[in-house]
Amino acid sequence: MSIGTKVKRLREAKGLSQDELALRLDVAQSTISSIESDKNIPNSLLLSNIAKELEVDINDLLNDSSTNIMSNNEFSDHAVAAVNQYNPIFNIQSPELIESILKNQEQIFKLMEVQSKLIENLLKK
């Protein structure tokens, strides 16, 4: 059974709507919907918060067998592989990623310059 199906069943067993669970987790209703429809898998923090809100062990959400997914507050290699199947793998040395980071840094620098000029002008007044 998928994580999304488990979340949906547990949510419904608690008598919560997607909106109510989303509100309790401080996320959008669409986030809960995409998790329950298996279009998205929650990151480890959100998954942990979902488990707490639904009053289940995180292993209950991740586990399809009798093996534990998490022990001593660390995810097993099996759990990491299960989550990674839903996440794109980025090569941190890829030219595209480096170029994107540099462009973002340039934009941040320009925004900071504009902000400094605005503050300077306000202080002159």
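Q: Which residues does Arg-11 touch, not counting residues up to four places away in sequence?

A: This is a predicted model, and contacts are read from heavy atoms within 4.5 Å. Arg-11 touches Leu-16, Ser-17, Gln-18, Leu-21, Glu-36 and Leu-54 once residues up to four places away are set aside. Arg-11 itself sits in helix 1.

Q: Does Arg-11 count as buried or exposed, and why?

A: Buried means under 20% relative accessible area. Arg-11 has 6% relative accessibility, so it counts as buried.

Q: What does Leu-21 contact, leaving aside its neighbours within four places in sequence?

A: Arg-11 is one of its partners.

Q: Which residues of the largest nonpolar core touch the most other members?

A: A nonpolar core is a set of buried residues of nonpolar types, joined through side-chain atoms within 4.5 Å. Here the largest such core has 18 residues. Val-7, Leu-21, Ile-50, Leu-54 and Leu-61 touch the most other members. Two or more residues come from each of helix 1, helix 2, helix 3, helix 4 and helix 5 (58-62). Helix 4 gives the most, with 4 residues.

Q: At what angle do helix 2 and helix 4 pack?

A: Angles between helices run from 0 to 180 degrees and follow the N-to-C directions. For helix 2 and helix 4 the angle is about 115 degrees, and the axes are 10 Å apart. The crossing is right-handed. Helix 2 makes the contact with Leu-21, Arg-24 and Leu-25. Helix 4 makes it with Leu-46, Asn-49, Ile-50 and Glu-53. By type, the residues of this contact divide into 4 nonpolar, 1 polar and 2 charged.

Q: Which residues of helix 3 are buried, and what covers them?

A: Helix 3 spans residues 29-36, and Ile-32, Ser-34, Ile-35 and Glu-36 are buried in it. Their cover includes helix 1 (3-13), helix 2 (18-25) and helix 4 (44-53). Glu-36 is touched by Arg-11.

Q: What follows helix 3, and what is its phi?

A: Asp-38 follows helix 3. Its phi is positive, near 60 degrees, in a residue other than glycine. Asp-38 lies in the loop between helix 3 and helix 4. Asp-38 counts as partly exposed because its relative accessibility is 34%.

Q: Where is Glu-55 found?

A: Glu-55 is in the loop between helix 4 and helix 5. It has a positive phi of about 60 degrees, although it is not a glycine.

Q: Is Glu-55 buried or exposed?

A: Exposed means over 50% relative accessible area. Glu-55 has 61%, so it is exposed.

Q: How many helices and strands does the chain have, and how do they run from the N terminus?

A: The protein chain has 7 helices and 2 strands. From the N terminus on, the elements run α-α-α-α-α-β-β-α-α.

Q: What share of the residues counts as buried, and what is the accessible surface?

A: Of the 125 residues, 24% count as buried. The accessible surface of the protein chain comes to about 9400 Å². Carbon and sulfur atoms hold 52% of that surface.

Q: What share of the contacts with a separation of 6 or more joins residues 24 or more positions apart?

A: Such pairs account for 47% of those contacts in the protein chain.

Methods
Residues numbered from 1 in each chain as written. Predicted model: local features only at pLDDT ≥ 70, side-chain atom pairs only at ≥ 80, totals over all residues. Heavy atoms only, no water. Buried < 20%, exposed > 50% of the residue type's maximum accessible area, 1.4 Å probe, protein only. Areas by Shrake-Rupley, 256 points an atom, 1.4 Å probe, with all protein chains shown as cover. Left-handed = near helix turned anticlockwise from the far one by under 90°. Nonpolar A, V, L, I, M, F, W, Y, C, P; charged D, E, K, R; others polar.
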